[in-house]
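Me: I have just opened this one and would like to go through it slowly. Could you help me find my way around?

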Amino acid sequence: MKWSEFFTSSIGKKLVMSLSGICLIGFLVVHVGLNLTIFNDLPIFDPEDNGRMFNKAAHFMGSTVVIRLMEIGLFVFFFLHIIQGYLLTVQNRAKRKIGYSIPVKDGRASWYSKSMGLLGTLLLIFLILHIAHFWVPSRVTQDLTPVKYGDMEAHNLFERMVAVFQNPWIVLVYILGCISLGWHLLHGFQSAFRTLGLSNHRYIDSLKATGTGFSILVPFLFALMPIAMYLGWIG
Ligand code: HEM
């Protein structure tokens, strides 16, 4: 079998989904970890922080060559994951020829796996908006207020986040985006590892528990960020 045939076969598409999904899970861990530094502004930590810790961390990420190169890889993984996801959804629907009208308990596929296309689309809308809110002003138009920390001059991304999250509709879209992410991960997390064959019966329970914990905790922490800024807990 040629490489081109492998990547367009069902198993090839699933493998691309699985590997790109695992890389995106890794990205989420770094992203949520870095963003959690905004909570250093809470009165119980350092009310004078004003986003200093977050801005410094974001500056480090934006000015380190290796990380900028990884960012290109990240966009490639997103692209592959989205394209292959759509191809798999279309292919599976064509096989069933009955779309989503079949009752949920048909024993062949859970609602999660059937809803991956829909939830993935919601996530895609969220992502486009999200990139326009932060990544474009930070990396492309560079129209963020500069802020000085000693010798370092960084972009005041924190200030932009606070400004963006004053709009309740945007906060709502972010919360919905995080719920879609959680739902998407509830199926996607374990599915990605199963495709790689990492789920023999001895590990399946821990894989399920880790997947469920991750799918709830990470989106919850993300959702807390716009909420905290909208309610004025930070910023
Ligand atoms: C809901 C809370 C979130 C907040 C407050 C937030 C904040 C940010 C900020 C400030 C940036 C710009 C970073 C920079 O330019 O240095 C960014 C970039 C990005 N975010 Fe988020 N984010 C959130 C959730 C998410 C989620 C759930 C995803 C994915 C499903 C995501 C995907 C991305 C991507 C792909 C980038 C651009 C790549 C990069 O800068 O490394 N974000 N986010």
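This is a predicted model: local features need pLDDT of at least 70, side-chain atom pairs count only at pLDDT 80 or more; totals for chains, interfaces and linings use all residues.

Me: What is the mean pLDDT of the protein?
Reply: The mean pLDDT, which is the predictor's confidence in each residue on a scale from 0 to 100, is 89 for the protein, and 91% of its residues reach 70 or more.

Me: Which elements have the lowest and the highest mean pLDDT?
Reply: Helix H1, residues 3–8, has the lowest mean value among the elements, at 76, whereas helix H6, residues 157–164, has the highest, at 98.

Me: Back to Gln-142 for a moment: what is its phi?
Reply: Gln-142 has a positive phi of about 50° although this residue is not a glycine.

Me: Where is Asn-50 found, and what is its relative accessible area?
Reply: Asn-50 belongs to the loop between H2 and H3, and with a relative accessible area of 48% Asn-50 is partly exposed.

Me: New topic, the ligand: which residues coordinate its iron atom?
Reply: His-31 and His-130 coordinate the iron atom of the ligand, each through its NE2 atom, at 1.9 to 2.0 Å. Donors here are N, O and S atoms within 2.8 Å of the metal (3.2 Å for Na, K and Ca), and sites may look incomplete because water is not among the atoms.

Me: Where in the chain do these two histidines lie?
Reply: His-31 lies in helix H2, residues 10–35, and His-130 in helix H5, so the pair ties together parts that are 99 residues apart in sequence.

Me: Why is the arrangement around the iron octahedral?
Reply: The six donor atoms around the iron atom subtend angles of 87 to 178°, and therefore the arrangement is octahedral. Six donors count as octahedral if opposite donors are over 155 degrees apart and all others between 65 and 115.

Me: Buried or exposed, how do the two histidines come out?
Reply: His-130 counts as buried, at 19% relative accessibility, while His-31 is partly exposed, with a relative accessible area of 22%.

Me: What about Leu-129 and Ile-128?
Reply: Leu-129 lies in helix H5 and counts as partly exposed at 33% relative accessibility. Ile-128 is found in helix H5 too, but Ile-128 is exposed, with a relative accessible area of 57%.

Me: How far is Leu-129 from Tyr-174 in space?
Reply: Their C-alpha atoms are 9.3 Å apart, although Leu-129 and Tyr-174 are 45 residues apart in sequence. For Ile-128 and Cys-23, which are 105 residues apart along the chain, the C-alpha separation is 19 Å.

Me: Last one, the overall picture: how many helices and strands are there?
Reply: The protein has eight helices and two strands, and from the N terminus on the elements run α-α-α-α-α-β-β-α-α-α. Its C-alpha atoms fill a box of roughly 60 × 40 × 35 Å along the principal axes, and 40% of the 235 residues count as buried.

Conventions:
Residues are numbered from 1 along each chain as its sequence is written. Side-chain values use heavy atoms; hydrogens and water are left out. Helices (H or I, at least four residues) and strands (E, at least two) are DSSP runs, numbered from the N terminus. Four donors count as tetrahedral if all angles lie between 85 and 135 degrees; four count as square planar and six as octahedral if opposite donors are over 155 degrees apart and all others between 65 and 115; anything else is irregular. Buried means under 20% relative accessible area, exposed over 50%, partly exposed in between (1.4 Å probe, protein chains only).
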